[in-house]
Amino acid sequence: MYSFIHHNDLLINSSFFEFLRANNLLDFQTVKEFEGGSLFKKNRFRSVVRIELKDRVFYLKRHFWPWKERIKSIIPWIKKEDARNEWNNMILLNDLGFNTMTPVAFGEKKHFGIPFFSLTVTENIYNTERLEEYLPKYFTPPLNKQQIMEKRALIKRLAGIARDFHEKGLNHQDFYLGHFFIRAEDREIFIIDIQRVHQRKNIISRHRIKDLAQLVFSANGLNILFKTDFMRFAHEYLRIARMGRDDKKLIKKIMSKAMRIEIHTIKLLERRKRQK
């Protein structure tokens, strides 16, 4: 469980308060205007800067609010997918027992109650790599007996995380292997890119299918997993030894959705190529 301190328009994880003080990063405006670090990612809605402070690494994500997003933010029934939602999700997932990013600081500025700029600071997840990179590195055939056992254990671990995620009413919406980090030394798995995560009392079938189809799509792209691997995942996710008719229908819907994601992705890449 985290504890937080409100200080100079920032909500700060108390574990980092003295560290931020030592680096003169204890107020919203200073963090907002921070000019150090290296640009990691940028689009018209947000930028991410990688910051090295002594022997530690942090990510500063700045969110810009176009007018359309500002208006949406005050409509109560529209689910938010902003910095505050990502910040709250870091705390929620930690409370629910999932490994994710570590929240360091959050700040938000508003005009007449409407946000127009927000930011988050998170600490790096050390000694990890994305699953989409890790899997081909360690499990490209041919595999020896030990590697086969390790791959099966990892598949079951990932299926258990996905099942637990959905059983707790969570849906990710970007459930690709690139958004899972693994720490090789202990095989701990971390879920990242949680800005669009939402929790409900019960996750609906459409959202479950979409999440799992995104996993299947990204796994298919690695060309190292086989039908038996996907079935092993499905049995573990569903907690069944033998599939019934409804289970098979669910698997068929997931595979069909994964195919549609692939077709959409190909069209998107071709469109971007033409635009260059």
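## Exercises on a predicted fold

Let's start with Ile191, which sits in strand 11 (residues 188–191); strands here are DSSP runs of E with at least two residues, helices are runs of H or I with at least four residues, and both are numbered from the N terminus. The model is predicted, so local features need pLDDT of at least 70 and side-chain atom pairs count only at pLDDT 80 or more, while totals for chains, interfaces and linings use all residues. Residues are numbered from 1 along each chain as its sequence is written, and side-chain values use heavy atoms, without hydrogens and water.

**Exercise 1.** Decide whether Ile191 is buried or exposed, and find which residues it touches.

*Solution.* Step one is accessibility: buried means under 20% relative accessible area, exposed over 50%, and partly exposed in between (1.4 Å probe, protein chains only). Ile191 has a relative accessibility of 2%, so the residue is buried. Step two is the list of contacts (heavy atoms within 4.5 Å). Leaving out residues up to four places away in sequence, Ile191 touches Phe98, Asn99, Thr100, Met101, Ile161, Phe165, His172, His179 and Phe180.

**Exercise 2.** Describe the overall build: how many helices and strands does the protein have, and what does its radius of gyration say?

*Solution.* Count the elements: there are nine helices and twelve strands. The radius of gyration is 20 Å, close to the 19 Å from the globule rule for 276 residues, so the protein is as compact as a globular protein of that length. For that comparison, the radius is taken over C-alpha atoms and the rule is 2.2 Å times the number of residues to the power 0.38. Next come the extents: the C-alpha trace spans about 55 × 45 × 40 Å along the principal axes. Finally, 43% of the 276 residues are buried, and of the contacts with a separation of 6 or more, 62% join residues 24 or more positions apart.

**Exercise 3.** Classify the ring pair of Phe40 and Tyr59.

*Solution.* Begin with the criteria: rings of Phe, Tyr and Trp (its six-membered ring) pair if their centres lie within 6.5 Å, with planes under 30 degrees apart stacked, over 60 edge-to-face and the rest tilted. The whole structure holds 15 aromatic pairs. In the pair of Phe40 and Tyr59, the centres are 5.4 Å apart and the planes meet at 65°, so the pair is edge-to-face. Phe40 belongs to strand 3 (residues 38–42) and Tyr59 to strand 5 (residues 56–64), so the pair ties together parts 19 residues apart in sequence. Phe40 is partly exposed at 47%, whereas Tyr59 is buried at 18%. Elsewhere, ring pairs link Tyr2, Phe4, Trp87 and Phe106 into a cluster.

**Exercise 4.** Where do Asn24, Lys54 and Pro142 lie, and what marks their backbone?

*Solution.* Recall the background: most residues other than glycine have a negative phi, and most peptide bonds are trans. Asn24, in the loop between helix 1 (17–22) and helix 2 (28–32), has a positive phi near 55° and is exposed at 56% relative accessibility. Lys54, in the loop between strand 4 (46–53) and strand 5, has a positive phi of about 60° and is exposed, with a relative accessible area of 66%. Pro142, in the loop between helix 5 (131–139) and helix 6 (145–167), is joined to Pro141 by a cis peptide bond with omega about 0°.
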